[in-house]
Amino acid sequence: MRDSLGALTHGDKGADRVVPPTGFTARLTLFAAAAMAFLAVFALALSLAAGRLADSWGEELARASTVRISAPAGQQAQQTEAALRLLAQTPGVASARALSEEEQQALLEPWFGPDLPLADLPVPQLIEVIEDAEGYEPAGLRLRLQAEVPGAVLDDHTRWRRPLVAAAGRLRLLGAVSILLIAGAVAAMVTLAANAALAANAQVITVLRLVGATDAYIARAFVRRFTLRALGGAAVGAALGTGALLLMPASDETAGFLTGLSFVGWHWVFPLLVPVLTAAVAFAATAIAARRVLGDLS
């Protein structure tokens, strides 16, 4: 293994002639490495983007709550003032404010259009509640609202936050599984290509042994050639995948999941690591295949 690692940086032209430079095995290795690296870049970007979005939504929902007041028109303003006074006296509540008519109309506009007459409809009054670092006790606040503001209903967004946290964990796990499957596919394809190349050169290997070449010398030639092929193919695939991500729409305040499909900050290092990891997988797969096939040819 140590000799094979050294052979990657110090090539032997004589040993390199043992491995056919072109042909089916070369094209197979290059294509498999490029395709898997392309998919690996997208799997990483998808996993990281999903995690960022879920974390962002989770943090916002964790700190914000909503009080909905449904009362007759003549009592809604009075109950809203009572709810605001109660919230101002509640430990753990940093701020509370009633949404304006324009803000509520903006919330309903995607479903009912811009010309919704809120004044003519029994739309509940919404109060935005922001927690401080310690937070409040939802059960106690619900009891106080029920006693003092009969038309008030507290929504602490728990039912929205839990699915997001669960989805983030599952998407990250899916991304990790995808990377492992991609690495396994690269190892399988490189192993098949190495086995085919070794079998095709069985007669050449026999002659090399007769003139004194060791199995380690022959194996280094195959390991070097297939590792460099995988590295080159993966570099092309990772570059294409990164370029495709750069063409995706940039995320903004109204962006959803797909518009944030990219890397952020130091995460741009990951595409650079994909070719290196692909080469490492190809190195191990070829070394194992060469050892097994050379043993069978003995």
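Hello everyone. A word on the ground rules: this is a predicted model, where local features need pLDDT of at least 70, side-chain atom pairs count only at pLDDT 80 or more, and totals for chains, interfaces and linings use all residues. Residues are numbered from 1 along each chain as its sequence is written, and side-chain values use heavy atoms, with hydrogens and water left out.

Let's begin with the overall build. The protein has 10 helices and four strands, taken as DSSP runs numbered from the N terminus (H or I, at least four residues, for helices; E, at least two, for strands). Along the sequence the order reads α-α-α-β-α-β-α-β-α-β-α-α-α-α. Of the 298 residues, 39% are buried; buried means under 20% relative accessible area, exposed over 50%, and partly exposed in between, with a 1.4 Å probe and protein chains only. The accessible surface comes to about 17000 Å², and 65% of that belongs to carbon and sulfur atoms; the areas come from the Shrake-Rupley method with a 1.4 Å probe, and for residues only the protein chains shown count as cover. As for contacts (heavy atoms within 4.5 Å), take those with a separation of 6 or more: 83% of them join residues 24 or more positions apart.

Now to the helices. Two packed helices are described by the angle between their axes and the distance between the axes. Here the axes are lines fitted to C-alpha atoms, for helices over the stretch in contact, and angles run from 0 to 180 degrees between N-to-C directions.

How do H9 and H10 pack? Their angle is about 155°, with the axes 7 Å apart. That makes H9 roughly antiparallel to H10, given that angles under 35 degrees count as roughly parallel, over 145 as roughly antiparallel, 65 to 115 as roughly perpendicular and the rest as oblique.

Next, H8, residues 202-210, against H9, residues 215-246: the angle is about 140° and the axes are 10 Å apart. H8 and H9 are therefore oblique to each other, and they too have a right-handed crossing. Ile 205, Leu 208 and Arg 209 of H8 meet Asp 215, Ile 218 and Phe 222 of H9. By class, that is four nonpolar, no polar and two charged residues.

On to single residues. Thr 286 sits in H10 and, at 1% relative accessibility, counts as buried. Setting aside residues up to four places away in sequence, Thr 286 touches Val 190, Ala 194, Phe 222, Val 223 and Phe 226.

Val 274 is also in H10, residues 269-297, and is buried at 8% relative accessibility. Beyond its neighbours within four places, Val 274 contacts Ala 37, Ala 40, Val 41 and Leu 44. Val 274 and Met 36 are 238 residues apart in sequence, with their C-alpha atoms 9.4 Å apart.

Lastly, Ala 235 of H9 is partly exposed, at 36% relative accessibility. From Ala 235 to Ala 37 is 198 residues in sequence and 7.6 Å in space, C-alpha to C-alpha.

Key:
Left-handed = near helix turned anticlockwise from the far one by under 90°. Nonpolar A, V, L, I, M, F, W, Y, C, P; charged D, E, K, R; others polar.
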